[in-house]
Amino acid sequence: MGIIGTIFIGLIVGLIARFLKPGDDSMGWIMTILLGIGGSIAATYGGQALGIYEAGQAAGFIGAVIGAIVLLVIYGAIKKS
């Protein structure tokens with residue numbers, strides 16, 4: 001799966017991460033989807049850098065969701081400050 005597939009998975013992952021992350025988020029859906037795409041890309045390439053995934057292999061769906069949730073938490077913490 002290439003970058004287009006990673007972005008498509010990121011769209012879905014961003015929405016799922018928003019529902020799984022507790023708390024009240026005042027960000028819009030577009031920002032949520034963008035953070036989901038970022039989490040998916042970070043999980044894919046971060047996993048490849050750590051040797052969890054081979055080059056050309058996309059991150060697992062659960063890894064992408066975790067990456068998106070981490071980005072949502074970081075974004076929320078920065079926005080509150």
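**Ground rules.** I am working with a predicted model, where local features need pLDDT of at least 70, side-chain atom pairs count only at pLDDT 80 or more, and totals for chains, interfaces and linings use all residues. Residues are numbered from 1 along each chain as its sequence is written, and side-chain values use heavy atoms, with hydrogens and water left out.

**Fold.** I looked up the secondary structure and found three helices and zero strands. Helices here are DSSP runs of H or I with at least four residues, strands are E runs of at least two, and numbering starts from the N terminus. Along the sequence the pattern reads α-α-α.

**Burial.** The protein has 81 residues, and 32% of them count as buried. Buried means under 20% relative accessible area, exposed over 50%, and partly exposed in between (1.4 Å probe, protein chains only).

**Patch.** I found a nonpolar surface patch of about 720 Å². Its members are Ile3, Ile4, Ile7, Phe8, Leu11, Ile12, Tyr45 and Phe61. Such residues have over 30% relative accessible area and no salt bridge, and nonpolar side chains are joined within 5 Å, like charges within 9 Å. A salt bridge puts a Lys or Arg side-chain nitrogen within 4 Å of an Asp or Glu carboxyl oxygen. Helix 1 (residues 3–20) gives the most, six residues. I checked Phe8, which is found in helix 1. Phe8 has 51% relative accessibility, so it counts as exposed.

**Packing.** Helix 2 (residues 29–50) and helix 3 (residues 61–80) pack at about 125 degrees, with axes 7 Å apart. Axes are lines fitted to C-alpha atoms over the stretch in contact, and angles run from 0 to 180 degrees between N-to-C directions. Helix 2 and helix 3 are therefore oblique to each other. Under 35 degrees would count as roughly parallel, over 145 as roughly antiparallel, 65 to 115 as roughly perpendicular, and the rest as oblique.

Notes:
Accessible areas come from the Shrake-Rupley method with a 1.4 Å probe; for residues, only the protein chains shown count as cover.
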